[in-house]
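Me: I would like to learn how to read a sheet and its surroundings in a model. Please take me through one case.

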Amino acid sequence: MPGALKVWPSWPEFTLKTAELDPSYRGYKKAIEAEYGAEALTASWLAVCKKLETVTDEIADKGTSVIPVLDFAEVKEGLSEQRKSEMRDRGCFVVRGVIDKEVVDGWFGDLKQYVADNRADIGGWPKETPFVLRLFWSPTQIKARSHPHSLLLQRTLNSLWHSNTLPSFAQPLSYADAVRIRPPKIPFFGLGPHIDAGSLSRWADPTYRKAYAAIFEGRPHEHDAYDLDARFEAKQALFEGSAHSSVLRAFQGWTALTDAGPGEGSLLLYPDLKTVIAYLLLRPFFKEPENKADVMDPTKWTFDTDSDWFPGTWQADSQNLSESSHPHLRLRECMVNIPAMRAGDSIWWHADMCHAVEVEHMGEGDSSVAYVAATPSTPENERYMRAQLQDFLKGVAPGDYSGKGELGFKGWVGDAAILAGEEGRRAAGFELRSMTLTMVSMLAPELGYYTGFRLGFLSHVLNNILERISVHAMQAILRHFASVRQN
Ligand SMILES: [Fe+2]
């Protein structure tokens, strides 16, 4: 089993006894049953379990090697259709050499300094040994998100999705997430196999579950995991919970700030997209056979919507998976290490992909990554980004996260750290900052056409001037207050 864990960690098993049960939960199952019917759901269950036999055999046999690895040069040249379809099919991939190693080494040094200089005011997770740092605005993170190579890659990955209604969806948005500096030799059990982008909301939100209609209709092979139109209005964060991101990330990602190989606190992926998510969605509708010997035979499971149990599902948490609750996935054999990463490489996985973080870090040095996602421009994502920009300018944690403000931190440079000029600023939300200005900018070319004036150009200039003045003024004011507080 190349790439599979030699010892399966003592991650929790999710059983009915330890489940979160609420009398309203069966209502979601009943609603789906009423819409699609027991027959279609059962047909899908059988088809998906059958398909899993070959999926799991392939992954158990080939392991890590099924994860596509490409070089950033390919992205720069433009990906071939064949490459794109390979990436879409697998739903995860490594892109090597996105940022030059020397550049990243410098970034990592800067990050360590930023942390050392402000340590007393930096929170993190897990509580006992915090290494996922509640930092969002260090120059290193801002640069990792806005480096021209990173933005080009994000745009390319967004465009692996498709939409008929959002013409500019591939424009990347710089969703701000935390950063990790994981020291060696400290086990971490906090992130077993799970899927982000909500949990119960996949069934509870009528829009979200519609994105999986083919799976519920008995046509799981026709499920399109890249249909943005079906998904961009889904409420991932329907239920409150710090684990849920408000934005839809086309792909979640890590940009490696240090080298890290398997066994060095790296990432594990279940490198299948369509079959695993289909199984996960259907699993709550079926009750396992009494006889444990029959568990792997899907025909022995019975259709049941009278239970409130959604295995591995907690409203406030990401969607969890375990061996006993999701036996057909053969997690022990199919959660595989990603390839060894070098500083400047990046790994990406689809919003519906199961992943976990290695319990052990047996390497010698820090294993550090910046969480940089590919976030498409959808109305909801842009709404979040407008608020995120205000948080950025104030130096406080973005809406999806908590943490102390960074404005008075030594090393804070604010938006001066943004790379890639206007493109980087747009991704950070600057063009989205004012709806009025945005509307003026949008209307200006039309007005210009009818009036003969170059209002579009004027509006652009005005927009930029106002933006720069307001940003710098606001930062100066906030810095003043921060220094008054400290004194
Ligand atoms: Fe995750």
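Predicted model: local features only at pLDDT ≥ 70, side-chain atom pairs only at ≥ 80, totals over all residues.

Reply: Residues are numbered from 1 along each chain as its sequence is written.

Me: Which order do the strands of the open sheet have?

Reply: Strands (E, at least two residues) and helices (H or I, at least four) are DSSP runs, numbered from the N terminus. Two strands pair if DSSP finds at least two bridges between them. Here eight strands form an open sheet in the order β1-β2-β13-β7-β15-β5-β4-β3, with mixed pairing. β1 (69–71) and β3 (124–125) are at the edges with a single partner strand each, so one side of each lacks a neighbour in the sheet.

Me: How many bridges join β2 to β13?

Reply: Four, and the two strands run antiparallel. V95 has S346 as its bridge partner in β13.

Me: Are the faces of β13 covered or uncovered?

Reply: A residue is buried if 20 or more other C-beta atoms lie within 10 Å of its own, exposed if 12 or fewer, and partly exposed in between, with C-beta atoms placed from the backbone. In β13, S346, W348 and H350 on one side and I347 and W349 on the other are all buried.

Me: Why is helix α6 described as largely enclosed?

Reply: Eight of the eight residues of α6 (residues 139–146) are buried, so the rest of the structure largely encloses this helix.
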